[in-house]
Amino acid sequence: MTAHAINALSAADLDAVINRHPEVFKPNWFKQLRGWIISAAIIIYLLFAWSFFHVGQVLNNGNWDIAGAYLADWVSYEVRPDIEYDDGFVRVEFPRFSPLGSDPQPLWISKTTEIVDIQTQVVATPQTIATPQAAFSFMAPDAGTAKNPSEPSKGAAIDFMAPGAATAGNPVATVDAKAEQAQFERREVTTKAQVSLGGGQILVEPKMVTLTRGQDVLIIDIVKDQSVRARGGLPQWANQKYADGKIVASFGVDGRVEVESDEVKIRRRFFGWENFLFDTNSPFWNKSFGEVLSMIASGDRIKPTMSNAALAFDNIVNNAEWQHGDVWIKMLQTIVMAFVGTLFATILAFPMAFFAARNITQSSIVNQIFKRFFDFLRSVDMLIWALFFTRAFGPGPLAGMSAIFFTDTGTLGKTYSEALENIDDKQREGIKSLGANPLLVQRFGVLPQVLPVFLSQSLYFWESNTRSATIIGAVGAGGIGLKLWEAMRTNQDWENVFYMVILVLIVVYVFDSISGKLRAMLTKS
């Protein structure tokens with residue numbers, strides 16, 4: 001029965017046909033339950049994956065606060081003053097390499113100071129003390145010092161002839177002694193420090209810290225080197241893991257405060273990248289764009305041996321915090337690694353592909369040798385080759401180029417040989433019928449068909465290897481990858497990591513655009 005005949009049937013006739021042949025029109029049980037079976041299989045697989053990879057445990061134990069801090073470090077930076085308790089006073093200190101320079105005086109920290117006399121040391125000074133000598137008696141030993149309770153002086157002899165006769169002509173004895181004397185120094189000390197942290201305030205006094213965030217006020221009593229205790233309960237934005245331990249208070253995107261028994265750590269966060277152009281040692285540091293431009297255009301020479309423009313460029317390239325010059329050189333190494341490795345792989349894979357193609361080389365033994373050689377090269381991952389060549393040549397771009405060269409030779413050789421096996425033999429047979437030798441047959445009968453494909457694939461691999469060179473650089477193969485890995489290992493320079501990631505993205509985008517346009521031109525021709 002044709003489809004036209006079925007469409008011509010009435011509803012009643014169609015029902016009658018279905019009732020007579022239910023096995024034809026009724027789908028089997030699998031078709032009826034196929035949707036439910038597929039849905040159940042997906043759910044079972046997801047449950048198995050959840051259990052096998054311990055996804056719940058990983059999510060529960062994940063330290064999301066640290067992850068959020070790392071992400072914030074990509075686009076912001078922290079200034080970290082520490083306020084220490086110092087014998088009834090407080091002392092504000094900054095790290096040695098602070099983004100605010102060697103002598104930070106930020107406006108968001110205000111100090112209350114006073115002049116006091118502080119005891120610096122205790123010194124001992126020599127003194128002379130006079131003592132009378134015993135008188136000499138000619139009558140008997142100790143006659144002048146006879147023990148008599150009524151004697152006015154125990155050490156002086158009594159003479160029967162005249163007063164003072166016993167000590168006449170006798171010198172006064174001297175005894176050296178030392179007396180302690182305190183020395184004081186007049187100093188300016190800080191009695192309290194107040195820090196503005198976005199919309200919050202931190203007031204640090206010798207025995208008390210007051211945190212204010214919005215309408216909430218948290219007062220913390222400090223016993224130096226012993227305890228940290230909050231008055232009342234802690235608000236939601238503060239926590240204390242252990243009794244008398246430090247209290248950590250979050251001020252949102254503006255930073256956080258850690259109150260300890262010996263100091264208060266301030267972490268003030270600012271949006272942007274600190275000292276991106278000039279570091280704190282540069283004479284152009286902390287100058288506005290107009291000031292820098294004025295110094296370059298018409299200012300007196302800062303360094304007699306070079307112009308201010310050359311000095312500014314030198315300070316940017318050799319920025320100690322961002323190391324622009326080194327990063328740019330490593331990025332150039334990555335580009336060269338990708339280009340040279342892909343170029344050498346293309347040069348070697350091109351002739352070898354003709355031996356691997358069955359329709360070009362008739363010997364099956366030769367075909368298999370070259371095909372298996374390509375499989376060996378591409379079956380070993382580029383990262384493994386990079387580790388091998390790093391051991392062989394040492395860290396550097398040569399190891400990276402060799403890894404790309406080996407891996408791409410196998411991959412390009414395979415794709416080239418497959419492209420050769422899929423050519424149109426009519427064009428090759430036409431050239432052969434004209435009596436051309438085998439070399440000319442390949443030149444005019446094969447190359448015009450596969451050359452655009454070969455170049456297109458090589459361009460794609462060149463663009464892809466720019467990304468791959470970044471990865472293999474992390475294992476010591478040179479380039480920006482090694483620099484990126486070093487920045488990540490410090491666990492602090494995440495803004496530098498983001499800077500290098502952006503450079504890699506820009507380079508990949510540029511080469512992807514160039515490669516895409518060239519491939520489009522080749523495939524159209």
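User: Where is the place of His-54?

Analyst: His-54 has its place in the loop between α4 (29-52) and α5 (55-61). Helices (H or I, at least four residues) and strands (E, at least two) are DSSP runs, numbered from the N terminus. This is a predicted model, in which local features need pLDDT of at least 70 and side-chain atom pairs count only at pLDDT 80 or more, while totals for chains, interfaces and linings use all residues. Residues are numbered from 1 along each chain as its sequence is written, and side-chain values use heavy atoms, with hydrogens and water left out.

User: What is the value of phi of His-54, and how should I read it?

Analyst: Most residues other than glycine have a negative phi. His-54 has a phi near 50°, which is a positive value in a residue other than glycine. Gln-323, in the loop between α8 (308-317) and α9 (324-356), also has a positive phi, of about 50°, although Gln-323 is not a glycine.

User: Is Gln-323 buried or exposed, or does it count as partly exposed?

Analyst: The general idea is a scale of relative accessible area, on which buried means under 20%, exposed means over 50%, and partly exposed is in between (1.4 Å probe, protein chains only). Gln-323 has 34% relative accessibility, so Gln-323 counts as partly exposed, and His-54, at 47%, is also classed as partly exposed.

User: How many aromatic pairs does the structure hold?

Analyst: A pair of aromatic rings is described by the distance of the centres and the angle of the planes. Rings of Phe, Tyr and Trp (its six-membered ring) pair if their centres lie within 6.5 Å, and planes under 30 degrees apart count as stacked, over 60 as edge-to-face and the rest as tilted. The structure holds 31 such pairs, and one of them joins Phe-350 and Phe-454 edge-to-face, at 5.8 Å centre to centre with 85° between the planes. Because Phe-350 lies in helix α9 and Phe-454 in helix α14 (residues 438-477), this pair ties together parts that are 104 residues apart in sequence. Phe-350 is partly exposed, with a relative accessible area of 29%, whereas Phe-454 counts as buried at 2%.

User: Which residues do ring pairs link into a cluster?

Analyst: Ring pairs link Phe-344, Phe-376, Trp-385, Phe-388, Phe-389, Phe-393, Phe-405 and Phe-406 into a cluster.

User: Which residues form a nonpolar patch on the surface?

Analyst: Patches are made of residues with over 30% relative accessible area and no salt bridge, where like charges are joined within 9 Å and nonpolar side chains (Val, Leu, Ile, Met, Phe, Trp, Tyr) within 5 Å. Here Ile-38, Ile-42, Tyr-45, Leu-46, Phe-48, Phe-52 and Phe-53 form a nonpolar patch with about 820 Å² of accessible area together, an area that comes from the Shrake-Rupley method with a 1.4 Å probe, counting only the protein chains shown as cover. Ile-38, one of these residues, is found in helix α4 and is partly exposed, with a relative accessible area of 47%.

User: How many salt bridges does a search of the whole structure find?

Analyst: Side chains of opposite charge can pair when their charged atoms come close. A salt bridge is a side-chain nitrogen of Lys or Arg within 4 Å of a carboxyl oxygen of Asp or Glu, and a search of the whole structure finds 24 of them. In one of them the side chains of Arg-229 and Asp-244 meet at 2.8 Å, N to O. Arg-229 lies in strand β9 (residues 227-230) and Asp-244 in the loop between β10 (238-239) and β11 (247-250), so this pair ties together parts that are 15 residues apart in sequence.

User: Which salt bridge does Lys-483 form?

Analyst: Lys-483 forms a salt bridge with Asp-326, and the closest N and O atoms are 2.5 Å apart. This pair links distant parts of the chain, since Lys-483 is in helix α15 (residues 480-489) and Asp-326 is in helix α9, 157 residues apart. Lys-483 is buried, with a relative accessible area of 12%, whereas Asp-326 counts as partly exposed at 27%.

User: Which residues are linked in a network of salt bridges?

Analyst: The network links Asp-73, Glu-78, Arg-80, Lys-246, Arg-256, Glu-258 and Arg-269 through salt bridges.
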